Amino acid sequence: MLRTSWRALAAGVAAAAALGWADAGAQPAGEFSDEQIAFMAADTDGDGEVSLAELARDAARGFAALDKDGSGTLTPEELGPHDDALFRRVDTNGDGKLAFEEVMANKVRALEAGDKDKDGGLSFQEMESEVEAELGGAS
């Protein structure tokens, strides 16, 4: 789930914001990774950073897309393949489901941990570093 949710921030829940993204010129058009595309989609103002507000919007969009039964929670079945240990860490009340509040609390924690320059947002490089740390070095 968190790999999926970070990819939503960094891929597929989410690139139209590509024009404002500082590293967009580093690769020919159409050759962006899933993570870059998701980052650009989350970076709605195109300033090269994902703010807490942008993160919340992206998380809400991703959560709603995954919540197939409309219950307001995500079950392991709705998530599909995911890291069970990460799921348990995010499931702070231990009920076997993820509420949006639990997912968002984890995303806020990750944003704060990843924001190395303490400017209130995540650059693509900061996001990549935090994803790697979150996944224990495996991306």
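This is a predicted model: local features need pLDDT of at least 70, side-chain atom pairs count only at pLDDT 80 or more; totals for chains, interfaces and linings use all residues.
Figure 1. Residues are numbered from 1 along each chain as its sequence is written, and side-chain values use heavy atoms, with hydrogens and water left out. Helices (DSSP runs of H or I, at least four residues) and strands (DSSP runs of E, at least two residues) are numbered from the N terminus. Lys 118 is not a glycine, yet its phi is positive, at about 55°. Most residues other than glycine have a negative phi. With a relative accessible area of 61%, Lys 118 is exposed, where exposed means over 50%, buried means under 20% and partly exposed lies in between, all with a 1.4 Å probe and protein chains only.

**Figure 2. Close-up of the salt bridge between Arg 109 and Glu 130.** The side chains of these two residues meet at 3.9 Å, N to O, a salt bridge being a side-chain nitrogen of Lys or Arg within 4 Å of a carboxyl oxygen of Asp or Glu. Because Arg 109 lies in helix 6 and Glu 130 in helix 7, the pair ties together parts that are 21 residues apart in sequence. Arg 109 is partly exposed, at a relative accessible area of 35%, whereas Glu 130 is buried, at 7%. Ala 110, which also belongs to helix 6 (residues 100-114), is buried with a relative accessible area of 0%, and its C-alpha atom is separated by 6.9 Å from that of Glu 130, 20 residues apart along the chain.

**Figure 3. Close-up of the salt bridge between Asp 58 and Arg 61.** A search of the whole structure finds two salt bridges, and in the one shown here the closest N and O atoms of Asp 58 and Arg 61 are 2.6 Å apart. The two residues are three positions apart in helix 3, so they are separated by about one helical turn. Asp 58 counts as buried at 2% relative accessibility, while Arg 61 counts as partly exposed at 39%.

Figure 4. Thr 73 counts as buried, its relative accessibility being 16%. Its side chain is joined to that of Ser 71 by a polar contact of 3.0 Å; such a contact is a pair of N or O atoms within 3.5 Å in which, within protein, one atom must be able to donate a hydrogen and the other to accept it, and residues adjacent in sequence count only if both atoms are side-chain atoms. When residues up to four places away in sequence are not counted, Thr 73 touches Phe 63, Asp 67, Glu 78, Lys 97, Leu 98 and Ala 99, contact meaning heavy atoms within 4.5 Å.

**Figure 5. Close-up of the largest nonpolar core, with its 13 residues.** A nonpolar core is a set of buried Ala, Val, Leu, Ile, Met, Phe, Trp, Tyr and Cys residues joined through side-chain atoms within 4.5 Å. Phe 39, Val 50, Leu 55 and Met 127 touch the most other members of this core. Two or more residues each come from helix 2 (34-42), helix 3 (52-66), helix 6 and helix 7 (124-134), and the largest share, three residues, is that of helix 7. A second, separate core has eight residues, among them Leu 66, Leu 74, Leu 79 and Val 90.
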